[in-house]
Amino acid sequence: MDRSREEAITTYFRMWLTKDFSDLDDLFASQCVYEECYGPTYSNLAEIKRWISDMVYRQTVSAWTIHEYFHAPHDTTVTWTFTSSEGDGFHTFDGVSIIHFTDSRRIDHVREFESTHERTYPYQETQ
């Protein structure tokens, strides 16, 4: 288990709740890539900061709950549930992030994947 990676991920997720990104430079490498779960990709820290500065005015994150961590030598995969509000209402979805860390323990690649939060069980028998 790699506590320092988990702490970095928790810190980053919390930044979205507090809208305080003052420690972003401590977490991310300057030449990092961030692939959002629905397509947009940012290819360095300057682009990530621009995206964040746009989003903090349009979106309010009310929860970003971490469920599990899975560690590999330079990667940590984390499962989570994300809830936010924007102009068109509230959104909740589940996701997975694969996060690569440099040798100096900075994030240099994030790949997010999304799933609908509500589950259906089409073959489950009713009792």
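Predicted model: local features only at pLDDT ≥ 70, side-chain atom pairs only at ≥ 80, totals over all residues.
## Exercises: aromatic rings, strands and one threonine

Tyr12, Phe13, Trp16, Phe21, Phe28, Tyr34, Tyr42, Trp51, Trp64, Trp80, Phe82 and Phe93 make up one aromatic cluster. Residues are numbered from 1 along each chain as its sequence is written, and side-chain values use heavy atoms, with hydrogens and water left out.

### Exercise 1

Step 1: Rings of Phe, Tyr and Trp (its six-membered ring) pair if their centres lie within 6.5 Å; planes under 30 degrees apart are stacked, over 60 edge-to-face, and the rest tilted. A search of the whole structure turns up 17 aromatic pairs.

Step 2: find them in the fold.

Step 3: check burial (buried is under 20% relative accessible area, exposed over 50%, partly exposed in between; 1.4 Å probe, protein chains only). Tyrosine 12 comes out at 3%, so it counts as buried, and tryptophan 16 counts as buried at 6%.

### Exercise 2

Work out how strand β5 is paired on either side in the list of strands, β4 and β6.

Step 1: two strands pair if DSSP finds at least two bridges between them.

Step 2: take β4 (residues 75–86) and β5 (residues 89–101). They run antiparallel with twelve bridges, and threonine 77 stands opposite isoleucine 98. Two residues separate these strands in a hairpin.

Step 3: move on to β6 (residues 107–116), antiparallel to β5 through nine bridges. Valine 96 has phenylalanine 113 as its bridge partner. This hairpin has five residues between the strands, and arginine 105 in the turn has a positive phi of about 65°.

### Exercise 3

Describe the surroundings of threonine 81.

Step 1: threonine 81 lies in strand β4 and, at 12% relative accessibility, counts as buried.

Step 2: list contacts (heavy atoms within 4.5 Å). Beyond neighbours within four places in sequence, threonine 81 touches residues including Trp64, His67, Phe93 and His117.

Note on methods. Helix = DSSP H or I, 4+ residues; strand = E, 2+ residues; numbered from the N terminus.
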